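These are my notebook entries on a single protein chain. I set down each item as I looked it up.

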Amino acid sequence: MTNESSSQPTLQQQVQRELEELKRDMGLDFVAVALADGKYRDIYWRFALGANSERYKMITVRMGRGMAGKVLQGKRPHVVTAFPEEVRDEVLEYPIFLVESLRSGVGVSVDSIADVRRKAYGVLLVGQRSPREFSAHDIERVQSCARTLGRFYDEEDARRLRCGRMDPPASENPLPTQAEPNGSQSAERSETPAEPSDHGQDREPARQAAGPILRLLKAARSAGVACELLDQRVTRLSRERQEQFAAILEVLVNTCVSSSPVNAQLVIGQEETGNTRVEFNSFLLHALSQELFLPVMEQIRSLKCDFEIVTKKSTQSVRFIVPTRLLLDEMHWN
């Protein structure tokens with residue numbers, strides 16, 4: 001007798017097949033799915049076709065921010081036809097567009113079909129690396145795919161319930177795989193997220209005053225430093241922790257903006273461990289040394305950062321790791 005589990009395609013295979021068809025039918029450059037983590041109200045890109053690299057795995061988006069955050073909070077399509085011109089004041093909140101060099105895209109909510117509350121699983125994003133006007137028919141095609149994905153996730157939830165399995169929080173799941181060019185997967189992983197909170201207090205306003213980290217990064221971009229805020233969890237830290245974080249970043253940025261032209265890059269992304277990795281690369285405009293960071297050693301110790309300076313032939317790099325998950329837990333306990 002045939003084993004049912006071995007004869008049925010896995011959730012990962014079903015999702016990939018559906019996305020491949022969507023990508024082919026619409027002539028898209030990029031298709032991706034992000035899933036929500038109900039514990040910290042954050043969103044993670046879990047699966048991608050047409051990705052330039054695996055850097056999308058470093059992205060964690062806040063509810064209400066950027067493409068995925070706005071779609072998941074508003075439960076309606078979000079369309080960008082010319083990035084970054086259309087969102088110039090919010091460029092840092094669209095990390096998937098920066099990482100994947102997207103110029104236009106449509107994001108729609110992936111919701112439960114069975115749940116009367118319309119539980120949100122995540123977001124389906126389609127993108128183009130050139131400007132594109134998406135028609136009403138295009139948007140309906142994307143929404144149709146999202147409904148199919150919602151049914152897949154419903155079926156997976158039902159299967160897990162029958163088996164008596166309890167899912168771990170999405171923040172504790174391993175990072176997802178990227179589809180290989182031949183359509184194969186490097187590993188098989190769960191894609192069923194925790195249910196996002198429905199409590200009103202967990203809903204962030206669409207617009208609110210930028211915190212110390214975001215203000216610092218916007219100033220750095222204005223000065224010519226190429227900035228990417230991939231791990232947006234850091235903007236939910238307490239104000240004191242954000243000020244400590246921003247003070248360290250300010251030392252790095254000031255080494256470049258004191259003279260022109262600026263030739264530096266600052267990337268803040270999430271590691272596989274759940275920590276935040278900060279990497280600053282400058283192209284030998286200024287000498288970087290431990291002494292440079294003496295004024296912020298108290299902040300470095302307080303944030304429990306692992307810190308290193310690396311000098312190569314053509315670049316200098318400063319890298320440090322911040323235990324963001326622990327710092328967020330600290331806010332809940334205090």
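**Entry 1. Helix pair H6 and H7**

Within what distance do the axes of H6 and H7 come, and at what angle do they cross? I worked on a predicted model. I found that the two axes come within 8 Å and cross at roughly 20°. Angles under 35 degrees count as roughly parallel, so H6 is roughly parallel to H7. The crossing in which H6 passes H7 is right-handed.

I then listed the residues that make this contact. From H6 they are Pro-212, Ile-213, Arg-215, Leu-216, Leu-217 and Ala-220. From H7 they include Arg-239, Phe-245, Leu-249 and Val-253.

I next looked up burial in H6. Pro-212, Ile-213, Leu-214, Leu-216, Leu-217 and Ala-220 of H6 are buried. The buried residues of this helix pack against E7, H7 and E8. After H6 comes Gly-224, with a positive phi near 105°.

**Entry 2. Nonpolar cores**

I looked up the largest nonpolar core, which has 36 residues. Those with the most contacts inside this core are Leu-217, Phe-245, Leu-249, Leu-266 and Phe-320. At least two residues each are supplied by helix H6 (212-222), E7, H7, strand E8 (264-270), E9, E11 and helix H9 (324-333). H7 gives the largest share, nine residues.

With neighbours within four places in sequence left aside, the contacts of Leu-266 include Leu-217, Val-225, Leu-249, Val-253, Val-278 and Phe-280. Glu-228 and Glu-279 are also among the contacts of Leu-266.

Another core, of 30 residues, lies apart from the largest one. Among its members I noted Val-91, Ala-120, Leu-125 and Val-267. In soluble globular proteins, nonpolar side chains tend to be buried together.

**Entry 3. Salt bridges**

How many salt bridges does the structure hold? I recorded 23, and I followed three of them in detail.

Arg-236 forms a salt bridge with Asp-42, with the closest N and O atoms 2.9 Å apart. Arg-236 lies in the loop between strand E7 (226-229) and helix H7 (239-257), and Asp-42 lies in strand E2 (residues 42-49), so the pair ties together parts that are 194 residues apart in sequence. Both Arg-236 and Asp-42 are buried.

The side chains of Glu-90 and Lys-70 also meet in a salt bridge, at 2.7 Å from N to O. Glu-90 is in the loop between strand E4 (78-80) and helix H4 (95-99), while Lys-70 is in helix H3 (residues 66-74), 20 residues apart. Is Glu-90 buried or exposed? Glu-90 is buried, at a relative accessible area of 15%. Lys-70 counts as partly exposed, at 25% relative accessibility.

Glu-279 is in strand E9 (residues 276-282) and Arg-319 in strand E11 (residues 316-322), so parts 40 residues apart in sequence are tied together. The cut-off for burial is under 20% relative accessible area; Arg-319, at 18% relative accessibility, therefore counts as buried. I also noted a network of salt bridges that links Glu-271, Arg-277, Glu-279, Glu-308 and Arg-319.

**Entry 4. His-78**

I placed His-78 in strand E4. His-78 is buried, with a relative accessible area of 18%. With neighbours within four places in sequence left aside, His-78 is in contact with Gly-66, Met-67, Lys-70, Val-71, Tyr-94, Gly-105, Val-106 and Gly-107. The C-alpha atoms of His-78 and Ile-139 are separated by 9.6 Å, and the two residues are 61 residues apart along the chain.

**Entry 5. Helix pair H2 and H5**

I returned to helix packing. The axes of helix H2 (residues 11-26) and helix H5 (residues 136-163) come within 10 Å and cross at roughly 175°. H2 and H5 are therefore roughly antiparallel to each other. Residues of H2 that meet H5 include Leu-11, Val-15, Leu-19, Leu-22 and Met-26. On the H5 side, Val-142, Cys-145, Leu-149, Phe-152 and Tyr-153 are among those in contact.

**Entry 6. The chain as a whole**

The chain has nine helices and eleven strands. Of its 334 residues, 53% are buried. Among contacts between residues at least 6 apart in sequence, 67% join residues at least 24 apart.

Terms used: Residues numbered from 1 in each chain as written. Predicted model: local features only at pLDDT ≥ 70, side-chain atom pairs only at ≥ 80, totals over all residues. Heavy atoms only, no water. Salt bridge = Lys/Arg side-chain N within 4 Å of Asp/Glu carboxyl O. Helix = DSSP H or I, 4+ residues; strand = E, 2+ residues; numbered from the N terminus. Buried < 20%, exposed > 50% of the residue type's maximum accessible area, 1.4 Å probe, protein only. Core = buried A, V, L, I, M, F, W, Y, C linked by side-chain atoms within 4.5 Å. Contact = heavy atoms within 4.5 Å. Axes fitted to C-alpha atoms, helices over the stretch in contact; angles between N-to-C directions. Parallel < 35°, antiparallel > 145°, perpendicular 65-115°, else oblique. Left-handed = near helix turned anticlockwise from the far one by under 90°.
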